[in-house]
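Hi there,

Here is the structure I promised to pass on to you. Please open it beside this email, and I will walk you through what turned up.

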Amino acid sequence: MKLLFLAAFTLFVLSTFDTADSSAYDKIVAHSRIRARKEGPNVCALQQVMGTKKKYFSTCRNWYQGAICGKKAMVLYECCPGYMKLDGMRGCPAVAPIDNVYGTLGLIKATSTQSYSDISKLRPEIEGSGSYTLFAPSNEAWDLLDESLRSALVSNVNIELYNALHYHMANKRLLTKDLKNGMTVDSMYNDLGLYINHYSNGVVTVNCARIIHGNQVATNGVVHVIDRVVSAVGSTIQDVIEVDDDLSTLSAVALESGLLDKLGQPGQYTLFAPTDAAFEKLGKDVVQRLMGDKGVLQALLNFHLLNSVQCSEAIMAGTSYETLEGNNIVIGCDGDSLTVNGIKMVLKKDIVTTNGVIHLIDEVLMPDSAKQVMELVGDSQSTFGDMVSELGLSASMRPEAEYTLLAPLNAAFTDEVMSMDQRLLRIILESHILKNKIVLGQLYNGQQLETIGGKFLRVFIYRTAVCIENSCLIRGSKEGSNGAIHLMRTLLKPAEKHMFEILTENGGFSIFLSLMEAAGLTDLLKQEGDFTLFAPSDKAFVGVSDSDLALLKSDINALRTVLLYHFSNGVFIGGGLETGVTNLLKSLQGSNLKVLFANNSVQVNSVQVPESDIMATNGVVHLVDKLLYPADIPVGSQDFLMLLKRLISYIQIKYIQGFRYQEIPLTFMMTKVTRVIQSEPTMKVTRVIEGAPSVTKVTRVIEGQPSLTKVTRVIEGAPSVTKVTRVIEGEPSVTKFTRVIEGQPSLTKVTRVIEGEPSVTKFTRVIEGQPSLTKVTRVIEAGMRRRTRLARYKKE
């Protein structure tokens, strides 16, 4: 029976949450009633901050943490609003008697407000007919009021005290459900506004005074008890910062940024206002730099502004809020103190204005967007920042220019790195500073990034990673006023050599290189491109005899099948692979390579990669000590099968008698063609122009995948020739156009030779005047061929 009653009661309470008239305050009170159900009917559970008189109908978060604003809170059980105890009975079974507003003040123990109502002659009004809302300060609230102010109010009872109490009243009944966030209620004192905020944690404030006991219904209205005496508000945020002597620098910032007028417009703002002393902490140089950049000033001021009113009494735990600058700050509390980003910096809180609230702070909140690029370096990259400064790189970065820092974490600077010659270390660090500002969203696959040292870094985009050369970005990219910073896992090692040079200089890949030569694939290691190579070292061929190598080389299709299975089209580095899952890379042979990246190591087809991410100008090399073979390709020769089984033990190779390897089209290889064309000559013309010509040189560059054809054409014959001597005086005017073609060219060279004995007549032609000579060189690259056409005139 007890369980049935409990279920029915819980269902009733929860159903009330969905009613249109419920509010956050009402829901929190309902939760408090549920928490105290064991104490009897109509009992609410509250939390009181230890060492204070502050009590809250608290949220689930605060309840289970047992703390409010980081301070331990003890649990109290009191009658819910509108109920009272009866002697000898459990809980709060009686409904509180209803009286007029004046009588209700006594019932809820707001006796100071009741007394001041008598003194100010307000009592007849709140005892009479009407419908009022009275925000009644508690007894403790009156005690907290400055003594001189309270004395001034009481001494002039007929005017000031009466007006002050009238400012706490509205001429209609408003329950907490009627008090909407951001609304303004006309008070009974000259219709001056009362500014209401209703928060999701159940806190309701009036001019930032918290309602501690709400909805005390009276015959002629309702009474809400608040925790402080409120005063009339008539100034905007702009008005306050313009007249406050401690906010003169902030006022200047607002004026120079063009945002001062905005602070005077209607709205719901919270301004964390740095005092003049806070700006002095930055130093004169920093303040001058800030004042010289309007965009930076706007970012700075907007970082101190919220587009909502956050009264201190509504802050019960740390919460992140988006600023008008776009980034977030965390507002919290530590006892009675407000904190910003975990730091106690609020000197004075809850300066209420007509368009928001101001909290004075003793530090300037500096957004990343207002910082210079070197100021973006954080603690986890402090070694990089220190080394850039010590080696003079930061001093050479011009303040007016833009840069991007690729900042490795501190762990990347091992003892080996730190013991390097400083000149070498400087060169390495130059590769971590880009000439331009490149934010994360601007990076794309295949992009070339120029460093301050003149090198170019490649960008690789993967499913779950963005990498630059051998190092991948981690979370934490920031954008500053003159640059950006990206956090890198390791030091960058830009490519300087192609794959063939890397393997040749290593010295441990002679067998693999000889097999590549036998297969006619050596150029693949040298040509431009973006390849991934799992290069088998000589250890992969331990025990292989000359006759074994001869067997490998005897069938070129079989050899190419094995070798091309070690290549993949595209650059895949370890950090770019998705962690903990099998990454399928299609090889140039056609079958898939199964690559796994876990625990900072790479495996391919279950074979461990002892050294990875060796960057080449045409891709990346991973070293393996085993030969790889596609598991889906069978073998048709017993001798070849036995050889492969000795070399490959990690898979079971299939045998199909008579199977023959298919020829693999080498479409990924670049080819070079030379054509010689012979024919009978027709004529040869030589034109000689003497003098200082006016020359225009045109070079035309076309982007794309070029096919290069070179044509040399010599035309000879028996022309009717006139020798012309042109004298041109003056300095030549030169125009040069450059057009660039990128891609993997297939080179075809065509030389056309025209032979024969021409019949030549030599003429001389004299032209007076200022002639001009135009020399045109046209180079066209496109597809996989190149054509060069040259027309040249010279003196015989």
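Cys92 counts as buried because its relative accessibility is 0%; buried means under 20% relative accessible area, exposed means over 50%, and partly exposed lies in between, with a 1.4 Å probe and protein chains only. A disulfide joins Cys92 to Cys79, with 1.9 Å from S to S; a disulfide here is a pair of cysteine sulfur atoms within 2.5 Å. Cys79 lies in strand E4 (residues 71–79) and Cys92 in the loop between strand E5 (83–84) and strand E6 (94–95), so this bond ties together parts that are 13 residues apart in sequence. (Helices, H or I with at least four residues, and strands, E with at least two, are DSSP runs numbered from the N terminus.) Cys79 counts as partly exposed, at 22% relative accessibility. The link of Cys79 and Cys92 is left-handed, with -90° about the S-S bond.

Before you go on, please keep in mind that this is a predicted model, in which local features need pLDDT of at least 70 and side-chain atom pairs count only at pLDDT 80 or more, while totals for chains, interfaces and linings use all residues. Residues are numbered from 1 along each chain as its sequence is written, and side-chain values use heavy atoms, with hydrogens and water left out.

The link of Cys467 and Cys472 is right-handed, with 80° about the S-S bond. Cys467 is buried at 0% relative accessibility, and Cys472 is buried with a relative accessible area of 3%.

Now for the nonpolar core. In soluble globular proteins, nonpolar side chains tend to be buried together. The largest nonpolar core here has 47 residues, and Leu533, Phe567 and Tyr629 have the most contacts inside it; such a core is a set of buried Ala, Val, Leu, Ile, Met, Phe, Trp, Tyr and Cys residues joined through side-chain atoms within 4.5 Å. Leaving out residues up to four places away in sequence, Phe567 touches, among others, Met499, Phe512, Leu533 and Leu593, where contact means heavy atoms within 4.5 Å.

Met499 also belongs to helix H18 (residues 499–506), whose buried residues are Met499, Ile502 and Leu503. These three cover an arc of only 90° around the axis, which puts them on the same side of H18; the arc is that of the directions from the helix axis to the C-beta atoms. Just after H18, Gly507 takes a positive phi of about 85°.

Four strands form an open sheet in the order E31-E32-E33-E34, with antiparallel pairing; two strands pair if DSSP finds at least two bridges between them. Its edge strands are E31 (582–586) and E34 (607–609), each pairing on one side only. Strands E32 (residues 592–598) and E33 (residues 601–604) pair over four bridges, and Phe597 stands opposite Val602 in E33.

Enjoy exploring!
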